[in-house]
Structures are given as structure tokens and as C-alpha cells.
Amino acid sequence: MLEQISDVGRDAKRGGYSRHGYDKPELELRHWFVEQAVRRGLTVETDRNGNLWAWWGERGDDALVTGSHLDSVPGGGAFDGPLGVTSALEAVDLLRAKGFEPARPFAITVFAEEEGGRFGVACLGSRLLTGAIAPEKALALKDPDGVTLAEAMKAAGYDPALVGRDDRALERIGQFVELHVEQGRGLTVPVGVASSILAHGRWRFTFAGEGNHAGATLVEDRRDPMLPAAQLVLAARRAARGGGRATVGRLVPNPGGTNVIASTVDVWLDARDSDDERTRAMVAEIAEAARQAAEEEGCELRMTEESYGDTVYFDSGLRDDIAGALGGVPALPTGAGHDAGILAAHVPTAMLFVRNPTGVSHAPEEFAEQADVDEGVKALAATIEHLGS
Ligand code: GLV
Ligand code: MN
Ligand code: MN
Ligand code: MN
């Protein structure tokens, strides 16, 4: 099934895939998903926040729900997201072939803009559904071309006026299980379950100096925002100690000319650690270094928290139940964020991981062996059978 969509959203410039919330490739993938679901006799609906639901049988309460997302990071891999969706469809086929019908409502979901690759906030669909982000804040988010989420949803045929916490949709979920490719080298057998997700968030730093000529301006006359931006990058590496992770993966100088001293530089920091206190302390250390560096260069600094979530501990009862039903597969923590992490604050939630032999993710080299993918589908089917009987 991943091969069926392997041409959609290929990024010739970056390599891999660029599929972002409500852009052309992501909408094409949504359309493909709906076709696949309808072909299987599932009933598809879109909730108020742009998330897709495909129901096997009657829609109803205490539903067992599984799914993931179809969007990617810029230049991402083929598995992060789509694997959880294709595995869910394949699991339905497998269960049908053996004559299984769920005894409780069952749905496959596709969440919108999980990576935040277009509008900057990850897990936008599940955050809106659960009320973890205010609708006004979400709808005003802009993509790099200045298009707001509200405009993008409207252009895609969704009504932005409906966006916001959806108690009805949330109440229907009895349990949520997301299958995902593992994103490090933490799994040495084909399938495992998740124990926790690191606390993590995104912060934006805007350094403002004075745009000027690269040749005509003496260095002592400059207020170059690239200098504190560079210091922030170095401070992030220094501050990430003892398991903490701090990353600058996006830095945008404005106007961005080789012979132009930038007038402003935007720097996005992704920071993660085992708990709230450690993560906040790491970010505070980086922010203080950025503040000092900005002051030394005569630049102004504005810092905004774009999103944040505390450590997620998945429901241990559900996790152990699934791990046991799968013959005692290992449980492992992850440094990656997921819609499952957002839903876990509201409903019993679990994750299945499929081994990643390269340990690479959010890059074109992200990989899982076909044999492990098959094991993942079987494990998801067994989980649905176990929880859905
Ligand atoms: C999502 O995959 C994230 O961890 O940023
Ligand atoms: Mn991801
Ligand atoms: Mn993902
Ligand atoms: Mn000139």
C-alpha cells in the first residue's frame, strides 16, 4: 500500500517527501485514503477539525480507534505517519479474511498536520480535537507563504468556523492505538509497544538588527542578527546534556541575500527532555545565552513559545495488556511526538512500534524491512482482535 502512494508528494529538491496539512499532496493522500476505506465498505466522515474517520460497521461510543497521519516533515521519509494508516487498512483486511467482526465500534483515523510542517504546531488536528490549542490561535497560524490555517482549510473545502474542541468526537473514543515506525535504534525485535514520550516543545526566537551592505559596512558598525542566532545554535548543543535534546533545524534570515547583512533572523528551537523541569531549564539556559548574545550585538530579541507538551506516560494497563497479547513484546520510550501523545491525556492510549534498522527518521533514509512491516500489521490485527472482541 505504501507503494501505491510512493509518487505522491515526492520532494525533488530535498529528497524524500513533503506532504503538509491541506497542501496538494496531503489532499491527494486523503482522497486516496477515502477511496481505500470506501472500497472496504467503511463509512468515512471528517470531523470538525479536519481529521478523517473511517468506521467499520456502526459508528458509536466506546470505540476502538487506530490510525496515524499522512503528512510529513519537509523532506521526510515514507513511513512516519502513512505506516500507521496503511497498517490499519491492512489489519482490517487480515481480520476480515479470518472472519473476525469487531464486537464494539471501530474506526481508523487520519489526523491533520501532525508534523506541523506547514503551520508550525505539531499534532494540530488532535490538539484542536482535544482543546489543547485554542481555535483562534490555530486558525491564525501562517505557513511560510503567509497562508493561514483558516484559509488553507477553506480552500480545501473544510469550514474553519467549526474548528475547536470536539467533545462528541472525543467521547466516542474508548481506546486509541497508533502504530508507528520506530524513530531511533531502540527496538531490536520487529514490534514493540511505547512506554512514554519525552516532554517537548517549539520556541521561536526573532533577532532584529540592522539590514545593510555586506561590503560597505565595517564590522564594528554592524548590528548583525546572524551573530546571536549562531550563538543560540551553539548554546542549544551545550545545554542538551544528560539525555536532553535541543535542535535548531530551521533558521531564516530576512531578506536572505549573500551580500546583505540580515535585518532579522528567525530561529526555531525544538527542545525535549525527560520531564517538564529539565526541559524548561534547558530552554531557559539557551534563551539566556541568546539574550546575552543579542545584547552584545545591539540586537533586539523576541521569544515565543509556539507549542509545548509535558512528558506522556501511556496507560500502563493497556500497554501491558497489548504487550502480553502479542507474546510479551518489549516496551520502550520515545523522543518523538505523536497524536497518540495528545490523546493520552483524555483516553486510554497505546502505541505499537515497528523496528527501524537505520535508526533514521524525519529524513529520506527512514526505513523498515517488509518482514517487520508485515509483523506490525499482524500485531495491530491481533491487538484489534484482542481489544475489539
Ligand atoms: C514528530 O514526529 C515530532 O516528534 O516532532
Ligand atoms: Mn514525525
Ligand atoms: Mn508520525
Ligand atoms: Mn550593490
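A crossing of two helices is left-handed if the near helix is turned anticlockwise from the far one by less than a right angle, and right-handed if clockwise. Helices here are DSSP runs (H or I, at least four residues), numbered from the N terminus. The model is predicted, and local features need pLDDT of at least 70, side-chain atom pairs pLDDT 80 or more, while totals for chains, interfaces and linings use all residues. Residues are numbered from 1 along each chain as its sequence is written, and chains are lettered from A and ligands numbered from 1 in the order in which they are written.

Helix α7 (residues 226-239) passes α8 in a right-handed crossing. Their axes, lines fitted to C-alpha atoms over the stretch in contact, come within 8 Å and cross at roughly 155 degrees. The angle runs from 0 to 180 degrees between N-to-C directions. This makes α7 roughly antiparallel to α8 (an angle over 145 degrees). Residues are in contact if their C-beta atoms, placed from the backbone, lie within 7 Å. From α7, the contact includes L227, P228 and Q231. From α8, M282, E285 and I286 are among the residues involved. The contact residues divide into 12 nonpolar, one polar and one charged. Ala, Val, Leu, Ile, Met, Phe, Trp, Tyr, Cys and Pro count as nonpolar, Asp, Glu, Lys and Arg as charged, and the others, Gly among them, as polar.

Helix α11 (residues 370-388) has 19 residues. Its buried residues (20 or more other C-beta atoms within 10 Å) include V373, L380 and L387.

A155 lies in helix α5 (residues 149-155). A155 is exposed (12 or fewer such atoms), because 12 other C-beta atoms lie within 10 Å.

Notes. Helices (H or I, at least four residues) and strands (E, at least two) are DSSP runs, numbered from the N terminus. The expected span of a helix is 1.5 Å times one less than its number of residues. Angles under 35 degrees count as roughly parallel, over 145 as roughly antiparallel, 65 to 115 as roughly perpendicular and the rest as oblique. Two residues are in contact if their C-beta atoms, placed from the backbone, lie within 7 Å.
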